[in-house]
Amino acid sequence: MYYELGQDPSVPDELEYLLDEPAVRAAQVDWQAKSLHDVLAEMPQPIATEYGRAVVLEPIGGEWDGTTTVLALPFQQAWKPSMFMRAAYAHQAVAPESRMIVLPNNDISDSYYDFEKPELQKIAQGNLSPFFENQAQILEELGVEGEVTLSGYSMGALSVIGLAKVCAGTLEVTSVNADEAPTGGREPKALQKDFLASGGWAEQRAAIADAHLPALSAMQNSRRLALDYTRFGLASLRPSNKALAAGMARVDFDELLSVVREQLPAGAIKLGRVANSRLVQLQDTAANGIDLRTYTGVGTHKHATGDNVVAHALMMLDARRR
C-alpha cells in the first residue's frame with residue numbers, strides 16, 4: 001500500500017484535536033518513514049525478574065523526567081513486533097521523556113508470568129488479585145517508584161485499574177487511562193459473544209490501515225494476521241489464559257473501580273469506550289469522579305480501534321489533556 005509522506009491518520013472524532021500536537025506530528029513522521037526491517041531492528045528484549053518478564057523503553061533522547069509510564073497489553077498479547085510498535089509509538093507521542101514499562105501477557109509459546117493451581121482457581125472465579133499483585137511485583141523488581149501513570153487497552157485496561165488498587169499506597173499514581181475494559185459481571189461465554197460482536201477481521205484490517213504506517217501494515221498483512229488468529233486460538237488453551245478469560249468476565253468491575261476511585265485524586269481515572277463495542281457496559285460515571293469518554297466517527301472500528309496505534313496513543317494522550 002502506498003502512503004504519502006505526512007498523510008494524516010484517521011482517528012476517532014474526539015481525538016482529532018490532538019493530531020497537531022508537536023510530539024504526535026513527530027511520531028507520525030518518524031514511524032511513517034520506518035520499514036518493517038527498521039522496526040524489528042529496534043525492538044528490545046524483555047527483562048526477566050523474579051516474578052515474570054517485562055519490557056523497558058528508556059526515555060527518548062536520554063533525558064529522563066523521573067516519571068514512569070506503565071502500559072499493560074491486551075489479553076494474550078505477548079511482546080511481538082505489532083505490540084512493540086503500539087508501545088513505542090505511544091511512548092514517543094505521549095511521554096517521550098518518561099520511562100515506559102510494558103507488561104505483556106502469555107501467548108501460545110511465550111510466558112511473562114506464572115501461577116500455581118490455587119491462584120488459577122481464584123482468578124477463574126473472578127478474584128484477579130494474584131494477577132494484579134504479580135504485575136505490581138514485577139514493577140517493584142524493576143525499581144519503579146515515584147510518579148507513575150498507568151494505561152491499558154482491553155484486558156490491559158482492567159490490569160491497570162487493578163494495579164492502581166495494589167500500588168496506590170506505594171506509588172504516586174497520578175492517572176489511570178483504561179480504554180475498552182471488559183467490565184465484568186458476565187459469564188465467560190457471554191463476554192466471548194460480546195467480544196466477537198465487537199469487531200473482527202474487517203474492523204481490524206480497517207483500523208490498521210487508518211494508522212497510515214507502512215511498517216504496521218506490513219507486519220499485520222493478511223497472511224500474518226491470519227497466523228495471529230490461529231496462534232490466538234491455540235493460546236486460549238493455556239491454563240493461565242483460560243483462568244484469565246474466565247476471571248475478567250466474572251470480576252466485580254464496579255467494586256474494583258469504587259475502591260480505586262477512593263484511593264486516587266478526583267479526576268485521575270479515565271475510562272474510554274468505542275462506539276458499537278460491547279466490551280464496556282457502564283452508565284455515565286462522571287458524577288462519581290470518573291471521566292467516561294466515548295469515541296465515535298469514521299476513525300472507529302469497534303473494539304478493534306486499538307489496533308490503530310495512532311488512535312491507541314491519542315486515547316492515552318486524551319486522558320492527560322483533560
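The points below take up the basis of the model, then the helix contacts, then the cavity and the pockets.

1. Basis. The model is predicted, so local features need pLDDT of at least 70 and side-chain atom pairs count only at pLDDT 80 or more, whereas totals for chains, interfaces and linings use all residues. Residues are numbered from 1 along each chain as its sequence is written, and side-chain values use heavy atoms, with hydrogens and water left out.

2. H1 against H3. Helix H1 (residues 22–32) packs on H3 at an angle of about 140°, and the two axes are 8 Å apart. Helices (H or I, at least four residues) and strands (E, at least two) are DSSP runs, numbered from the N terminus; axes are lines fitted to C-alpha atoms, for helices over the stretch in contact, and angles run from 0 to 180 degrees between N-to-C directions. H1 is therefore oblique to H3, given that angles under 35 degrees count as roughly parallel, over 145 as roughly antiparallel, 65 to 115 as roughly perpendicular and the rest as oblique. From H1 the contact (heavy atoms within 4.5 Å) draws on residues including Ala23, Ala27 and Trp31, and from H3 on residues including Phe84, Ala88 and Gln92. By class, this contact of H1 with H3 has 10 nonpolar, 2 polar and 1 charged residues; Ala, Val, Leu, Ile, Met, Phe, Trp, Tyr, Cys and Pro count as nonpolar, Asp, Glu, Lys and Arg as charged, and the others, Gly among them, as polar.

3. H5 against H6. The axes of H5 and helix H6 (residues 155–167) come within 9 Å and cross at roughly 75°. The two helices are therefore roughly perpendicular to each other. Phe131, Phe132, Ala136 and Leu139 are among the H5 residues in the contact, and Met155, Leu158, Leu163 and Val166 are among those of H6. The contact of H5 with H6 divides into 9 nonpolar, 3 polar and 1 charged residues.

4. H8 against H10. Helix H8 (residues 201–210) and helix H10 (residues 222–235) have axes that come within 12 Å and cross at roughly 130°, and H8 and H10 are therefore oblique to each other. On the H8 side Trp201, Gln204, Arg205 and Ile208 take part, meeting Ser222, Leu225, Ala226 and Tyr229 in H10. The residues of this contact of H8 with H10 comprise 5 nonpolar, 2 polar and 1 charged.

5. Cavity. How many cavities of 30 Å³ or more does the structure hold? There is 1 such cavity, and the largest cavity has a volume of about 60 Å³. On a 1 Å grid over the protein atoms alone, a cavity is a set of points where a 1.4 Å probe fits but cannot get out, and a pocket is an open set with protein on both sides within 12 Å along at least five of seven lines; lining residues have an atom within 4 Å of a point. Grid points are joined across faces, edges and corners, and a volume is the space filled by probe spheres set on the points. Strand S5 (147–153), strand S6 (172–179) and helix H13 (309–321) each supply at least two lining residues of the largest cavity. Its lining includes Thr149, Ser175, Asn177, Met316 and Arg320, and the class division is 4 nonpolar, 5 polar and 1 charged.

6. Largest pocket. The largest pocket holds about 1400 Å³ of space. Of its 50 lining residues, Phe75, Gln76, Gln77, Phe195 and Phe232 are the closest to its centre. H10 provides the largest share of this lining, 9 residues. By class, the lining of the largest pocket has 26 nonpolar, 15 polar and 9 charged residues.

7. Second largest pocket. This pocket has a volume of about 190 Å³. Helix H5 (129–141) and helix H12 (253–263) each supply at least two of its lining residues, and H12 gives the most, with 3 residues. Among the residues lining the second largest pocket are Phe132, Lys165, Asp252 and Glu255.
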